[in-house]
Amino acid sequence: MTAAFGRLDLSGRCAVVTGSSGGIGEASAHLLAARGAEVVGADMFAGSTTQVEADLSTDEGCRAVAEHCSREGLRPSILVNNAGVGVFAAGVHQADMSVWDRVMAVNARSVYCLTREFLPSLRSFPDSVVVNVSSVHAMATSVGVGAYAASKGAVVALTRSMALDLAQFGIRVVALLPGAIDTPMMREHVAREGRPMEELGFTMDPLVPGRVCAPSEVAEAIAFLASPAASGITGSTVTVDGGLLAGFS
């Protein structure tokens with residue numbers, strides 16, 4: 001393994017990946033395992049890479065993931081906070097406070113809660129890493145996604161602060177900003193709109209900036225950030241958006 005992957009090798013590491021039942025989380029769980037890590041997937045829903053079914057918007061759900069690892073004798077040194085929910089037609093004039101509370105709890109609060117739960121384990125392993133999955137909506141957004149954009153902006157700000165707080169323990173913290181990714185969440189959005197992807201501004205054309213990326217492309221970035229090869233990256237954001245934000249800069 002080491003000869004094949006060099007500093008990308010994750011042998012001997014344990015990784016927790018949330019939102020593991022599909023999309024970016026599932027692809028990341030598979031790739032981290034292929035690079036040598038023992039992976040614990042956590043999600044509200046069952047899946048091929050999910051070992052713990054829990055509502056990560058709650059303290060009890062976050063604690064359940066940590067307790068599972070403890071029972072199995074696992075000490076995670078990689079935490080991928082990927083769990084998230086998307087909302088549409090949810091501008092301030094449309095969505096009530098229950099929508100805001102749910103989106104913030106899943107997308108932002110779970111990042112804070114899970115990181116706290118796994119701090120003892122992360123502190124005990126050299127070169128531990130927390131990868132927080134945010135979104136390009138933290139940087140440039142659109143109508144009807146106020147709660148989602150706010151939650152993902154909070155993840156970026158929290159990442160910067162966590163990187164400063166946890167540097168004393170040798171823990172790196174990085175935010176990953178995906179653009180349009182071909183996930184079940186995106187497919188559901190397209191189905192709700194009842195229009196072709198192209199009419200909604202999505203394209204798979206590799207020659208068009210801002211194209212839809214595959215979950216595996218985001219997983220590659222996450223696996224890199226989790227590895228010793230990314231030892232100099234902390235407190236910053238890495239964007240995987242096919243060039244989407246370039247058009248807004």
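Modeller: Let us begin with Leu79, which has a relative accessible area of 1%. This is a predicted model, in which local features need pLDDT of at least 70 and side-chain atom pairs count only at pLDDT 80 or more, while totals for chains, interfaces and linings use all residues. Residues are numbered from 1 along each chain as its sequence is written, and side-chain values use heavy atoms, with hydrogens and water left out.

Biologist: Why is Leu79 called buried?

Modeller: Buried means under 20% relative accessible area, exposed over 50%, and partly exposed in between, with a 1.4 Å probe and protein chains only. Leu79 has 1%, and is therefore buried.

Biologist: Where does Leu79 lie, and with which residues is Leu79 in contact, leaving aside its neighbours within four places in sequence?

Modeller: Leu79 belongs to strand S4 (residues 78–81); helices (H or I, at least four residues) and strands (E, at least two) are DSSP runs, numbered from the N terminus. Neighbours within four places aside, Leu79 is in contact (heavy atoms within 4.5 Å) with Val16, Leu114, Thr115, Phe118, Val129, Val130 and Val131.

Biologist: What makes H2 oblique to H7?

Modeller: The axes of H2 and helix H7 (residues 215–225) cross at roughly 55° and come within 8 Å. Angles under 35 degrees count as roughly parallel, over 145 as roughly antiparallel, 65 to 115 as roughly perpendicular and the rest as oblique. H2 is therefore oblique to H7.

Biologist: Which residues of H2 and H7 meet?

Modeller: Gly23, Ile24, Ala27, Ser28, Leu31 and Leu32 of H2 meet Pro215, Ser216, Val218, Ala219, Glu220, Ile222 and Ala223 of H7. By class, this contact of H2 with H7 has 9 nonpolar, 3 polar and 1 charged residues. Ala, Val, Leu, Ile, Met, Phe, Trp, Tyr, Cys and Pro count as nonpolar, Asp, Glu, Lys and Arg as charged, and the others, Gly among them, as polar.

Terms used. Axes fitted to C-alpha atoms, helices over the stretch in contact; angles between N-to-C directions.
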